[in-house]
Structures are given as structure tokens and as C-alpha cells.
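Welcome, and please load the model in your viewer with the sequence panel open. We will go from stop to stop, selecting a few residues each time.

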Amino acid sequence: HARISLSRMSHCRFKKVNDDNREAFCLFADSDLLQPSDLDQVLRCLGIKSEDRDKIREKIKQETGEDKPIDWNTFEAIVGNFTESSGPREDELLEAFKVFDREGNGTISAAELKHLVAGVLDDEMEAKIEKMIQDYIDGDGQVNYIDFIQIIGKNGRAEAVGDR
């Protein structure tokens, strides 16, 4: 087992506190390169499933060659597709929606909600959100954003914070 040196992390020029991929890379990287022998440990630190680790190893071998050190750009380009999005938590979304809740009743107009997500998300995600909005519009054209946020959380875009 490789020993983790905290001094290694301080020398890694890619360190960014809120980026799990970078932190894991930097924990094991030596001179900004990750040795292939450390790759499995990094992937486990990131919580990547075994079958996905196999896919990642294969893609990295194709990209860098057998047993060659891995640079940050290669690592992130491949591993970034397998790691969970670190999007906003449910409580953060709730606070953001409250800004647009003029009456303080837990609703926002469907038109305003569509406007908020337009252009912020990729087309596929925007279409999914649009469908969810349609499912939650009441008779007055309003969306109960508390319910909406909870359904987004169930679809892997936010973490639950408990009952409302």
C-alpha cells in the first residue's frame, strides 16, 4: 500500500479545496503525475464502482500507453465522466428558490422557473427539467418548488436534507 504524504498535496499545482477529483489526484500525484500503480486507490477514494474502475483503467491505457504516468488533464477528461456531479444540495436549492418566491408561499411561476434553467443546463438536462416542471404545474401556472427540489434530489441532482 502506498503511503499518502500530505506534503505531496501541498506541492500539487492543481489543488482546489472543493474538487474531489483534484484532491484525490493530488493526494497520490508526484510531480503532478499519477503513477499507474496509484490509480486504483485514487478511484476508490472517489467512490467509483469496480466495473467503472476497469473501464477507466482501459481508457487511460489507450490514452497514455501501458504503465505510463497520468497527467491531470488526461485523468480528469476520463475520470470526470464517471464521478458524481457535485451540484447544489437540496438546502442550497431551497434558498435559491426562496429569492424568487415573492409571496413566500413555496411556489414560483412555471414560466420563471423555465427561464431560470434556460441556457444554464445542457439541452438534454434542460428537456428533463422542462418535463418535470410540466408535471408540477398547478392550475395557476405555479410550481411548488419544495416538491420540485425533492424530485430533483431523487433524480440524483441534489442531496436530501430531510422532511420539509
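Start in the loop between α2 and β1 (33–34), and select S31 there. Keep in mind that this is a predicted model. Show the backbone of S31: its phi is positive, about 55°, although the residue is not a glycine. Most residues other than glycine have a negative phi. Is S31 buried or exposed? With a relative accessible area of 64%, S31 counts as exposed, because the cut-off for that class is over 50%.

Next, select D67, in the loop between α4 (50–64) and β2 (70–71). Here too a residue other than glycine has a positive phi, near 55°. D67 is exposed, with a relative accessible area of 60%.

Now zoom out and colour by secondary structure. You can pick out nine helices and four strands. Following the chain along the sequence, you will read α-α-β-α-α-β-α-α-β-α-α-β-α. Of the 164 residues, 32% are buried. Contacts tell you about the fold as well: among those between residues at least 6 apart in sequence, 50% join residues at least 24 apart.

Time for the rings. How many aromatic pairs does the count come to? It comes to four aromatic pairs. Select F25 and W72 to see one that is edge-to-face, with 5.4 Å from centre to centre and 75° between the planes. F25 sits in helix α2 (residues 20–28) and W72 in helix α5 (residues 72–79), so this pair ties together parts that are 47 residues apart in sequence. F25 has 0% relative accessibility and counts as buried; W72, at 6%, counts as buried too.

For the last stop, select F97 and Y145. Their rings form a stacked pair, 5.4 Å centre to centre with 10° between the planes. Which helices does this pair link? F97 is in helix α6 (residues 90–98) and Y145 in helix α9 (residues 145–154), distant parts of the chain that lie 48 residues apart. Hide the surface to look at them, since both F97 and Y145 are buried, each being under 20% relative accessible area.

Key: Residues are numbered from 1 along each chain as its sequence is written. This is a predicted model: local features need pLDDT of at least 70, side-chain atom pairs count only at pLDDT 80 or more; totals for chains, interfaces and linings use all residues. Side-chain values use heavy atoms; hydrogens and water are left out. Rings of Phe, Tyr and Trp (its six-membered ring) pair if their centres lie within 6.5 Å; planes under 30 degrees apart count as stacked, over 60 as edge-to-face and the rest as tilted. Helices (H or I, at least four residues) and strands (E, at least two) are DSSP runs, numbered from the N terminus. Buried means under 20% relative accessible area, exposed over 50%, partly exposed in between (1.4 Å probe, protein chains only). Contact means heavy atoms within 4.5 Å.
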